Amino acid sequence: YAILSHREPAQVLRLARRILASDPDGAVLIHHDASAPELPSSADPRIALVRDRVPVRWGDFSVVAAMLRCLDAAAALPFDWMVLLSGQDYPCAPLGGLATRLAASGVDGFVEHAPFAQRFVDDNVTRYLFAYRPMPAALLPLARRAWRLNRVQPFVRIVATRAGAFAGVRSPAP
């Protein structure tokens with residue numbers, strides 16, 4: 001089990017212990033955001049921490065970098081299947097037998113997917129067809145009102161998210 005976490009260190013460690021209580025043959029590898037408070041140490045040898053951690057920003061490529069660091073660290077460990085979780089996940093059913101079910105599935109992996117919904121077309125255009133740069137935090141209130149500008153022209157997008165304000169220009173390659 002690979003966990004990518006960015007806050008609540010005690011909760012993340014509690015999650016790891018709960019996973020191992022439910023799947024005693026499992027192991028947990030944790031990448032905890034380098035800019036977050038440290039994780040408490042664990043005496044359980046089945047819980048390993050990614051040592052080469054990166055600071056993670058929401059909606060940034062650093063999320064992918066953290067996942068790649070986690071996968072790189074996992075490559076040194078013996079495993080047949082990996083379950084990627086966030087630090088806010090929690091098992092809603094016992095994990096016993098999961099490894100057996102995965103091995104018997106006849107596939108190499110699972111990827112969650114859903115049919116494309118027409119209602120997300122505008123959101124997808126904004127998300128994938130523009131290259132974004134962060135704006136100063138002082139401009140966040142202005143960015144929250146700039147969505148009207150996004151609807152009347154196709155070249156620039158101003159977006160306000162929980163990660164801050166961003167300005168984007170049309171990108172030739174999504």
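Buried means under 20% relative accessible area, exposed means over 50%, and partly exposed lies in between (1.4 Å probe, protein chains only). The model is predicted: local features need pLDDT of at least 70 and side-chain atom pairs count only at pLDDT 80 or more, while totals for chains, interfaces and linings use all residues. Residues are numbered from 1 along each chain as its sequence is written, and side-chain values use heavy atoms, with hydrogens and water left out.

**View A. The ring pair of Phe-130 and Tyr-132.** Rings of Phe, Tyr and Trp (its six-membered ring) pair if their centres lie within 6.5 Å; planes under 30 degrees apart are stacked, over 60 edge-to-face, and the rest tilted. The count by this rule is 2 aromatic pairs. In the tilted pair of Phe-130 and Tyr-132, the centres are 6.4 Å apart and the planes are at 45°. Phe-130 is buried because its relative accessibility is 5%; Tyr-132, at 22%, is partly exposed.

**View B. Strands β5, β6 and β7.** Strands (E, at least two residues) are DSSP runs numbered from the N terminus, and two of them pair if DSSP finds at least two bridges between them. β5 (residues 130-134) is antiparallel to β7 (residues 164-170), with 5 bridges; here Phe-130 stands opposite Arg-170. β6 (residues 156-161) also runs antiparallel to β7, through 6 bridges. Thr-161 has Gly-164 as its bridge partner in β7, and 2 residues separate β6 from β7 in this hairpin.

**View C. Cysteines Cys-70 and Cys-92.** With a disulfide taken as a pair of cysteine sulfur atoms within 2.5 Å, the count is 0. Cys-70 is buried at 1% relative accessible area, whereas Cys-92 is exposed at 81% relative accessibility.

How values were computed. Helices (H or I, at least four residues) and strands (E, at least two) are DSSP runs, numbered from the N terminus.
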